[in-house]
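Subject: Structure handover

Hello,

Please find the structure below, with the sequence. My notes come after it.

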Amino acid sequence: MAIAKAERLMNLALCLLGTRRPLSKRELRDSIEAYVEAFGPGKGSGGNDDSFNRMFERDKDDLRELGLVIETVESLDGEVGYLARRDSNRLPPITLDAEEAAALGLAAKVWQQARLAGAASGALQKLRAAGLPEDVDPYGSHGALEPRIPVHEAAFEPLMLACRDRRPVVFDYRKATAAHPEQRHVEPWALECWRGHWYLAGWDRDRGAERVFRLSRITGKVRSRGGRYTAEVPDVVTVRETVASWAGEITDRSARIRLRSDAGYPLRAKATSVRELGDGWDELEIPYGHGLDAWLVEFGPDVVVLEPAELRADVVDRLRAVAKG
């Protein structure tokens, strides 16, 4: 079935690229063997005409999604025709120097552990066929470090496609402070990898505000929903700043905590000041950003929040949620 569809799409593309004048649906139906075998030549029964029209529209949309520019032209007598002009579908020559090729190779290596590995490799093969210099190895080593972006969450691929296609989604999400997941209706904006974890930034329809979701806390399947976005999508910089803020990287205030002297070394590395209190405790001042409460909970009884009061309350709420299971 996949081979038959690919052959049908290729024949349709060749017809549209090879014609010098717009071809009507009837002419394309008579010219492409797959259409003739499925529906017969010329105008058949009403059912066949409807089935052909649906298949033709799907094929046309598939070719456009693949990048073919198909023009729709209406003649003087009102008949609609289609063609794909060669000058509109011809790419300029691709020229890459060694540094540009190295950057592409580096990007491909980043996705070797993700579902995008095949697409990245295929893109580089197309560049090689388009004239990438033979003496340039885009996969060659260009440094002592090789980047990796691990993608283990099943939600990554459907959310990546939803971000690309601007499709609203629905998924079940379990907050760190909640014992059970709840359904969220989201207009996805962008995915960001931060500290080895993937985050989705988007518009939460239920709450009427932008939110950031950690993919590892999404349970079950991500389901697509129809309809348009209801909120304006911000630019890339704004989305990245939102993710950074929610991941705790952007801070504008400080928190004061007590920490056991022999514990919490990651917290000590972030501290702006450390003061010995005696009796096996130290007092630390650390940057206070979103997500700090979840981080402090990981240290259990080795940490006591002194201030601010809102952070202390958040930590207590999280501990109570953990105790309830």
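This is a predicted model: local features need pLDDT of at least 70, side-chain atom pairs count only at pLDDT 80 or more; totals for chains, interfaces and linings use all residues.

Residues are numbered from 1 along each chain as its sequence is written, and side-chain values use heavy atoms, with hydrogens and water left out.

The chain has 11 helices and 12 strands (DSSP runs numbered from the N terminus: H or I of at least four residues for helices, E of at least two for strands). Of its 325 residues, 34% are buried, meaning under 20% relative accessible area with a 1.4 Å probe, protein chains only.

An open sheet is made of 5 strands in the order 7-6-5-4-8, with antiparallel pairing (two strands pair if DSSP finds at least two bridges between them). Strand 7 and strand 8 (218-224) are at the edges with a single partner strand each, so one side of each has no neighbour in the sheet. From one strand to the next, the twist averages 40 degrees (axes are lines fitted to C-alpha atoms, for helices over the stretch in contact, and angles run from 0 to 180 degrees between N-to-C directions). Strand 6 (residues 197-204) is joined to strand 7 by 6 bridges, and tryptophan 203 is opposite glutamate 210 of strand 7. Helix 7 (residues 156-165) lies across strands 4, 5, 6 and 8, at about 85 degrees to strand 5 (182-194); contact here means heavy atoms within 4.5 Å.

Strand 10 (residues 273-278) and strand 11 (residues 281-288) run antiparallel, with 5 bridges between them. Arginine 275 is opposite glutamate 283 in strand 11.

There are 9 aromatic pairs (rings of Phe, Tyr and Trp, the last by its six-membered ring, with centres within 6.5 Å; planes under 30 degrees apart are stacked, over 60 edge-to-face, the rest tilted). Tyrosine 173 and phenylalanine 213 are an edge-to-face pair, 5.1 Å centre to centre with 85 degrees between the planes. Tyrosine 173 is in strand 4 (residues 169-173) and phenylalanine 213 in strand 7 (residues 209-214), so the pair ties together parts 40 residues apart in sequence. Tyrosine 173 is buried at 5% relative accessible area, and phenylalanine 213 is buried at 1%.

Regards

Note on methods:
Buried means under 20% relative accessible area, exposed over 50%, partly exposed in between (1.4 Å probe, protein chains only).
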